[in-house]
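Here's a quick walk through one model, with the cut-offs spelled out as we go. Have the coordinates open while you read.

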Amino acid sequence: MINLIPIANNYKELGGVFDANNLTVKSDFDLPLLKLERNDDGNLAIIKDESFGKESYKLEVNKDKITITAGTEIGAYYALQSLRQISKYELGERNIPCVVINDAPKFSWRGLHLDEARHFFGKEYVKKYLDMMFMMKLNVFHWHLTDDQGWRVEIKKYPRLTEVGSVRKYTHINGWGSCDVINEEYSGYYTQDDIKEIVEYAKERGIMIVPEIDFPAHAAAALAAYPWLACRELEREVPGYFGGLIPERKLGIKDWNRIICAGNDKTMEFVFDVIDEICDLFPAPYFHIGGDEAPKDEWKKCPKCQERIKKYGLKNEEDLQGWLNNEILKHLKTKNKRLIGWNEILAAGNLDKSVVAQYWTPKRDRNAEKHANTGGSIIMSNHQAFYFDMSYAQYSLKNTYNYTPQKFGVSKDNIKNVFGVEGEVWTEWIRTTERLELLVYPRMQALAETAWTMDENKNWTDFKTRLDNFKDYFKLFGINYAVDAISLPKGMFSRIKIRKNFYKGDTEMETKLNKEYIAKGEK
C-alpha cells in the first residue's frame with residue numbers, strides 16, 4: 001500500500017527506491033508552481049501526451065528516473081501531488097518508493113464549500129484552504145459570499161451592499177438553542193481586485209471557483225442596504241442572529257424581511273446587475289443562486305407578486321420562484337453559464353430542466369431523485385455525509401468516507417447524471433480558523449477519496465492507515481485537525497452528550513476535548 005490520499009485507482013509497487021537528493025526537472029509543461037531546478041538532463045521527466053484525459057496521468061518511479069505523462073498541466077500537477085505524498089519530500093525524506101501509477105478521477109466535480117457570509121476569514125486563509133484542496137485533487141471551490149448576516153463581495157453599481165450589508169452590530173453565538181450574543185460590530189468583504197486575485201490563485205491549481213449569491217431568500221443583508229428590494233420597504237439592520245424561534249423572541253426580532261420581491265421589475269433589474277458583475281469576476285461556467293429556505297409569506301401578501309403570478313398563469317408562489325429562476329437562467333445562458341440551486345428549487349413545477357440541482361437536505365427529496373433519474377444534472381451534498389459544520393458526534397468521519405449516491409435514490413444507471421460530490425462548511429457557529437479546521441480536517445481527506453477513487457478501490461482500514469501517516473502534513477502546515485477520538489467517537493453516551501451540548505449551546509465542546517486529547521499524545 002502506498003501512502004497516498006486519495007488512493008490511486010490503479011497502481012503497482014515495484015520494490016526499491018529512487019534517491020531524490022539531486023532532483024532536477026525536464027518538462028514539456030511550464031508548471032510555475034513546481035519549485036525545482038530545470039535541467040535538460042533532469043531525472044524527473046514530465047512528458048505531454050494529448051491522448052491522456054484532462055485530469056488523468058501516469059507516474060513511474062524507478063531506481064534511476066521518475067517519469068510523469070499527462071495530457072494537460074493539471075494532470076501533470078496531480079501526478080506531482082501524488083509524488084509529493086509518496087515521497088514525503090517536504091518532511092525530509094529523500095528515498096522515493098518505486099511505483100507505477102495510472103490514475104484518473106471517478107467524478108468530475110470534487111468540491112468543497114466555504115460560507116464567508118456568516119463569518120469572514122479573509123484572502124490569505126482562503127488561499128491556505130485552496131492549497132490543501134489542491135493537494136487533495138479537489139477541483140471546485142463553492143464560495144458562499146452572501147446571506148442574511150453579511151454581503152461579502154463588492155458590487156460597484158450598488159456600493160451600499162458592502163457599505164451597509166457587510167456590517168452587523170452583534171453576532172449570535174453558542175448554538176441554535178442559545179440567546180447569547182457578542183455585542184461587537186462584525187464586518188468584512190472582498191474587493192473585486194481581491195476576488196480576481198483569488199480566482200487566479202485557484203486557477204493556477206486547477207480549481208474552479210463557483211460563486212453563490214443568494215436569491216430570492218437569505219437576502220436580509222441586501223435588504224438592509226436597499227429596502228426597496230423587498231415587498232414592503234422596511235428599514236432594518238443586518239441581522240446578527242442565525243435563526244430559531246427562541247432568539248427571535250428573546251432578542252426582540254420583529255417583522256423583518258429576508259426575501260426579495262419577485263413582482264418588482266426594479267428588483268429584477270438589480271438581480272441581473274449583480275449577476276453581471278459577478279459573472280465578470282468568475283469565469284466558471286456556473287452561477288449558484290442558492291434558492292433554499294425561501295419563505296413565501298411576503299409574496300402571498302404582495303400585490304406585485306400576485307400580479308406576476310396572474311400575468312404568467314403561475315399556479316402558486318412556488319412557481320413564482322420557478323419563474324424567477326427561469327428568468328435568471330435565461331440571462332445566464334447569454335453568458336454561457338448554467339444555473340445551480342439547492343434542491344428545494346425543484347419544488348417549482350415550471351422550472352427549466354437544464355438547472356443543476358445540489359441535493360443537500362437531510363430527508364430524502366423525491367424531486368431531487370426524480371431530477372437525477374430522468375436526465376437532470378445533480379451534485380450530491382447530502383447532509384448526513386457532507387455537512388462538515390455538524391459535530392462528529394452526529395456525523396463521524398466514516399459517514400463521509402462510506403457515501404454513495406445510491407444511498408440517496410440515484411439509480412446505478414443514472415450515476416452518469418451526477419456531476420460529483422461536495423462538502424459544505426456553514427459557519428454560523430464557526431468563528432475561528434481553529435474550529436473551522438477541526439471540522440474540515442480530516443473530513444476533507446475522506447471527501448477527496450470518495451470523490452476521486454472508484455468504490456471498488458476504496459478500503460476504510462487502508463484509508464485509516466494512510467490518514468495516520470498524512471497527519472504529519474497537518475502538523476507541518478499548522479492545521480488543527482481532529483484526532484481519532486473526536487472524528488471517530490466511540491460509545492453512544494458520549495456521542496449523545498456532545499450532540500445535545502452542541503444544540504443547547506456548547507458548540508466548542510469538541511474543540512476543547514480535541515486539545516485535551518492532543519495534550520495526552522492522541523493521534
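Predicted model: local features only at pLDDT ≥ 70, side-chain atom pairs only at ≥ 80, totals over all residues.

Residues are numbered from 1 along each chain as its sequence is written, and side-chain values use heavy atoms, with hydrogens and water left out.

Helices and strands here are DSSP runs numbered from the N terminus (H or I and at least four residues for helices, E and at least two for strands). Two strands pair if DSSP finds at least two bridges between them. On that basis there's an open sheet of 6 strands with mixed pairing, in the order β1-β6-β4-β5-β3-β2. Because β1 (10-19) and β2 (25-27) stand at the edges with a single partner strand each, one side of each has no neighbour in the sheet. On average, neighbouring strands are turned by 15° against each other, direction ignored. Axes are lines fitted to C-alpha atoms, for helices over the stretch in contact, and angles run from 0 to 180 degrees between N-to-C directions.

Zooming in, β3 (residues 44-48) pairs with β5 (residues 66-70) in the parallel sense over 5 bridges. Isoleucine 46 sits opposite isoleucine 68 in β5. Helix α1 (residues 73-87) packs on this sheet, touching β3, β4 (57-61), β5 and β6 (95-103), and its direction makes about 35° with that of β4. Contact here means heavy atoms within 4.5 Å.

**Cavities and pockets**

On a 1 Å grid over the protein atoms alone, a cavity is a set of points where a 1.4 Å probe fits but cannot get out; a pocket is an open set with protein on both sides within 12 Å along at least five of seven lines, and lining residues have an atom within 4 Å of a point. Grid points are joined across faces, edges and corners, and a volume is the space filled by probe spheres set on the points. The count comes to 4 cavities of 30 Å³ or more.

Ala, Val, Leu, Ile, Met, Phe, Trp, Tyr, Cys and Pro count as nonpolar, Asp, Glu, Lys and Arg as charged, and the others, Gly among them, as polar.

| Space | Volume | Lining make-up |
|---|---|---|
| Second largest cavity | about 60 Å³ | 4 nonpolar, 3 polar, 2 charged residues |
| Second largest pocket | about 660 Å³ | 16 nonpolar, 2 polar, 6 charged residues |

Helix α16 (residues 460-476) gives the most to that cavity's lining, with 4 residues. The cavity's lining includes Asn3, Gln85, Arg466 and Tyr473.

The second largest pocket has 24 lining residues, of which Leu33, Leu34, Gln81, Arg84 and Glu90 lie nearest its centre. Both α1 and α2 (123-135) give two or more residues to this pocket's lining, and the largest share, 6 residues, comes from α1.

**Elsewhere**

Buried means under 20% relative accessible area, exposed over 50%, and partly exposed in between (1.4 Å probe, protein chains only). Helix α15 (residues 443-452) is mostly covered, with 10 of its 10 residues buried; Arg443, Glu449 and Trp452 are among them. In α19 (residues 509-519), the buried residues include Met509 and Asn514. Just after α19, glycine 521 takes a positive phi of about 90°.

Is lysine 300 buried or exposed? Lysine 300 is exposed, at 51% relative accessible area, and is found in helix α8 (residues 297-301). Leaving aside neighbours within four places in sequence, lysine 300 is in contact with Gln306 and Glu317.
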